[in-house]
Amino acid sequence: MKKYILFLFLLNLPLWAVAQNSTTNEPVFKFTKEVINYGKIEQHANGNKVFEFTNVGGSPLVIKEIKTSCDCAVPKKPTRPIMPGEKGVIEVSYDTSKLGGFIKQFTIISNAKQSIKRLKIKGFVAQKKSALIKEKGMLEND
């Protein structure tokens with residue numbers, strides 16, 4: 001009988017461990033998007049975008065720092081803790097004065113269960129149509 005009870009206990013041990021992990025008290029990010037695609041945008045267009053997230057964990061979420069892969073993409077983190085169940089935003093601004101394709105990464109350092117989280121922006125900055133027409137007209141006059 002003791003062996004049977006011990007066997008049942010050992011058989012259910014992994015289930016108890018999983019149940020303990022699913023009721024964590026730590027903050028947890030849940031982003032609506034982890035990659036924002038700007039698509040094709042004109043030079044000097046508005047480069048501001050927003051990453052939206054919810055704290056689905058059981059305690060306040062504090063973003064300590066956000067690092068970026070270059071100075072051309074500037075993130076702005078929330079100034080106060082995001083409470084459990086509350087939504088938050090991370091604003092990013094990309095400098096659209098540089099032509100061509102881009103992929104930039106943001107590294108978020110926080111007190112979340114996954115303490116390091118990475119987000120990306122990507123897109124292509126094209127020359128304004130008016131600038132292309134002016135440039136083409138100048139070439140035809142030569």
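A: A salt bridge is taken here as a side-chain nitrogen of Lys or Arg within 4 Å of a carboxyl oxygen of Asp or Glu. The structure is a predicted model, in which local features need pLDDT of at least 70 and side-chain atom pairs count only at pLDDT 80 or more, while totals for chains, interfaces and linings use all residues. Residues are numbered from 1 along each chain as its sequence is written, and side-chain values use heavy atoms, with hydrogens and water left out.

Three salt bridges are found in a search of the whole structure. One of them joins Lys-117 to Glu-34, with 2.9 Å between the closest N and O atoms. Because Lys-117 belongs to strand 8 (residues 116-126) and Glu-34 to the loop between strand 1 (29-31) and strand 2, this pair ties together parts that are 83 residues apart in sequence. Strands (E, at least two residues) are DSSP runs, numbered from the N terminus. For accessibility, buried means under 20% relative accessible area, exposed over 50%, and partly exposed in between (1.4 Å probe, protein chains only). Lys-117 has a relative accessibility of 11% and therefore counts as buried, whereas Glu-34, at 38%, counts as partly exposed.

Strands pair if DSSP finds at least two bridges between them. Strand 4 pairs with strand 7 (residues 100-110) in the antiparallel sense, over five bridges. Thr-68 stands opposite Phe-106 of strand 7.

A further salt bridge is formed by the side chains of Glu-86 and Arg-80, at 3.1 Å from N to O. Glu-86 has a relative accessible area of 24% and so is partly exposed; Arg-80, at 48%, is likewise partly exposed. Glu-86 is also in contact with Thr-54, contact meaning heavy atoms within 4.5 Å. Leaving aside neighbours within four places in sequence, the contacts of Thr-54 also include Val-28, Phe-29, Lys-30, Gly-85 and Lys-87. Thr-54 is found in strand 3 (residues 48-55), and its relative accessibility of 18% means that it counts as buried.

Asp-95 and Lys-98 also meet through their side chains in a salt bridge, at 3.6 Å from N to O. Asp-95 is partly exposed, with a relative accessible area of 32%, and Lys-98 is partly exposed at 45%.

With a disulfide defined as a pair of cysteine sulfur atoms within 2.5 Å, the count comes to one. Cys-70 and Cys-72 form this disulfide, with their sulfur atoms 2.1 Å apart. The torsion about the S-S bond is about -75°, so the disulfide is left-handed. Both Cys-70 and Cys-72 are buried.

The chain averages a pLDDT (the predictor's confidence in each residue, from 0 to 100) of 85, and 74% of the residues score at least 70. Over residues 18-22 the pLDDT is below 50, and this stretch has one contact in the model beyond near neighbours in sequence. Where pLDDT is low, the predicted coordinates should not be read in detail.

Key:
Helices (H or I, at least four residues) and strands (E, at least two) are DSSP runs, numbered from the N terminus.
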